[in-house]
Amino acid sequence: MLETEERGYFHWADWLVFALMLAVSAAAGLWHYKGAQKSSTEDYLLGGKSMTLLPVSASLVASFISGVTILGTPAEIYNFGTQYWITIISILFSGLVVALIYAPVFVALGLNSVYEVLYQSIVVYVPALALNQVSGIDVHLIGIIVCLICMFYTVLGGIKAVVWTDALQVGIMVAGVLTVSILGTYQIGAAEIWKRSLDANRIEFLNFDPSPYTRHTVWTVLIGSWLYSTAYISVNQTMVQRYRSLKDLKTSKLSLAIFTISIMLFISLCCWCGLVLVAWWSPPKCDPRASGLITADDQLLPAYVMEIAKHLHGVPGLFIAAIFGAALSTLSVGFNSTSVVVLEDFVKGCFGMKPSDRCSFIFVKCLVVLLGCIAIGLLFLVEKLGGVLVITGSLAAIAAGTSFGVFTLGMFFPWVNSKGAFMGAIVGFVIAGWASLGANWSIGAGLLVPKKLSVVFSHCQGNISESFLKQFDRPNEDDVFPLYRLSYHWFTGLGTLIVIIVGNFISWWTGPTDVSSIDKKLLSPIIHSWLPKPKNEYVINAENTGRNNELATTASLLLYDLKKKRRNQHFPNSVII
């Protein structure tokens, strides 16, 4: 067997940095606890629309980024090359679409609830895996600690604690990833990193392969990633709740602009970090999976950090704190946002209940605790899954595509009725779920093998494990069902397209809604000019005209009476003309 390289472990300085991050996060809950106790349920969940621009923008970034991004993106570049990097272009267009088309509707209507995706267990597992790599502590114990701390400050401080903690954790995320990237770039050299990546065939930006089965192409990343990013940013509860907490639409759009630029820069940093990994593990070094140093792709970055910063005590702690900060922020916004959904859509909406503000307050806090316990329970299932970036993207795409399709139906197709929207959502969810879960099952069964780019391991001493070599197998996939072979980028688009097609067809079949009877506030501003005039417009105008005449007459009489009284006071014997 191949001799295993020595694994690096935390120094006391690393534990100190890590503990400080957890302590400050918990302190945020205590800091906002007193204010939260005096606030209403809406203020507890939305901050009373008194939140300021920068912390909300940082919270939006934290809502989008998780430990999955920090660990999964560099691993994706390491295994499949830089074609994925052009996803930043997709995010730019997603930000523009959300700010101009979707955000105005949610802000104008003042909605508190949209939808939420529960993938907290994956978010817990990622930092637990990283800390296990550098400490040896059991993954499940780490996951429990993460959830407990997150539940603590989310329950105590509400949205204000979540937003301010997010702002702190975004700073830690950037500092952690930037530090380890700079260390590698300084030690190897930017030009040398690029050269080694070219030699390893990792540099690719213009793959125009039209096949929808190819993992990363210009089409799959630009279009597929754009659909996913737009779906997530536009109608995801964690995002909408944050920009809805600002005072007006203009400030909300500005926060979305800051968010979009920040995400583009951060993902670029993670992609560069992937190239640093390629250069670092190039010969004469041996791939850590081949040497037995790690067992999962998601441990590539932590293993690199422990090697390059093993003598820089505190840096590994900062990096792990960054991953945990990303996990805590994602968990907290998920808990907080899901509480809004359950309270507004189910308790008050579906069941028609009208709980008092006190009961709602207690219910929301209990729900946060319940969600944390569910996340802990599902942690044991998540560890059986493969690469976190693909798993998360695929599963989130099921709900994202469906909800995005439903809201797009409502905002752009005013003739769609409730039957069409309902049936479209059901069919879209089933087909997207069938394709996504089927693809992950096929990968688990060995019918599909992600086509990772080759690595050089001829210089590695000893025998390479068979499990590592199987990662580069190319089985015949012609017999696999076509939907299962789709690139994971297409699952959101598939669900969205099915919802729109089925929704329009069923609405036409059952009788479309009268467009002239639709309130324009429910529709995106870009189609307002194409809508017919409402049937009751003239009636409304006539009523308004009548009311205006009545008001004018009343005002004239009041003015005449006032003038008469004043004349009588000053000129008792005068006559008013």
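Mentor: We start with a convention for angles: under 35 degrees counts as roughly parallel, over 145 as roughly antiparallel, 65 to 115 as roughly perpendicular, and the rest as oblique. Keep in mind that this is a predicted model.

Trainee: At what angle do helix α3 and helix α11 pack?

Mentor: In general, two packed helices are described by the angle between their axes and the distance between the axes. Here α3 (residues 53-64) and α11 (residues 249-280) pack at about 45°, and their axes are 9 Å apart. The two helices are therefore oblique to each other. Their crossing is right-handed.

Trainee: Which residues of α3 and α11 meet?

Mentor: From α3 there are Leu53, Leu54, Ser57, Leu60, Val61 and Phe64. They meet residues of α11 including Leu254, Ile258, Phe259 and Ile267. Sorted by class, this contact has eleven nonpolar, four polar and no charged residues.

Trainee: At what angle do α17 and α20 cross?

Mentor: The axes of α17 (residues 418-444) and α20 (residues 490-510) cross at roughly 150° and come within 7 Å. That makes α17 roughly antiparallel to α20, because angles over 145 degrees count as such. The crossing of α17 past α20 is right-handed. Among the α17 residues in the contact are Gly420, Gly424, Gly428 and Ala432. The α20 side includes Gly495, Val499 and Gly503. By class, the contact of α17 with α20 has 13 nonpolar, eight polar and one charged residues.

Trainee: Now the pockets. What is the volume of the second largest pocket, and how many residues line it?

Mentor: The volume is about 550 Å³, and the lining has 27 residues. Nearest the centre of this pocket lie Tyr213, Thr214, Arg215, Pro450 and Lys451. The elements giving two or more residues to its lining are α16 (388-412), α17 and α19 (482-485). The largest share, three residues, comes from α17. By class, the pocket lining has 13 nonpolar, eight polar and six charged residues.

Trainee: Last, the backbone. Which peptide bond is cis, and which residue other than glycine has a positive phi?

Mentor: As background, most residues other than glycine have a negative phi, and most peptide bonds are trans. In this model the bond from Pro283 to Pro284 is cis, with omega near 15°. Pro284 lies in the loop between α11 and α12 (288-291). Asn201 has a positive phi, near 60°. Asn201 sits in the loop between α8 (190-199) and α9 (218-235).

Terms used: Residues are numbered from 1 along each chain as its sequence is written. This is a predicted model: local features need pLDDT of at least 70, side-chain atom pairs count only at pLDDT 80 or more; totals for chains, interfaces and linings use all residues. Side-chain values use heavy atoms; hydrogens and water are left out. Axes are lines fitted to C-alpha atoms, for helices over the stretch in contact, and angles run from 0 to 180 degrees between N-to-C directions. Helices (H or I, at least four residues) and strands (E, at least two) are DSSP runs, numbered from the N terminus. A crossing is left-handed if the near helix is turned anticlockwise from the far one by less than a right angle, and right-handed if clockwise. Contact means heavy atoms within 4.5 Å. Ala, Val, Leu, Ile, Met, Phe, Trp, Tyr, Cys and Pro count as nonpolar, Asp, Glu, Lys and Arg as charged, and the others, Gly among them, as polar. On a 1 Å grid over the protein atoms alone, a cavity is a set of points where a 1.4 Å probe fits but cannot get out, and a pocket is an open set with protein on both sides within 12 Å along at least five of seven lines; lining residues have an atom within 4 Å of a point. Grid points are joined across faces, edges and corners, and a volume is the space filled by probe spheres set on the points.
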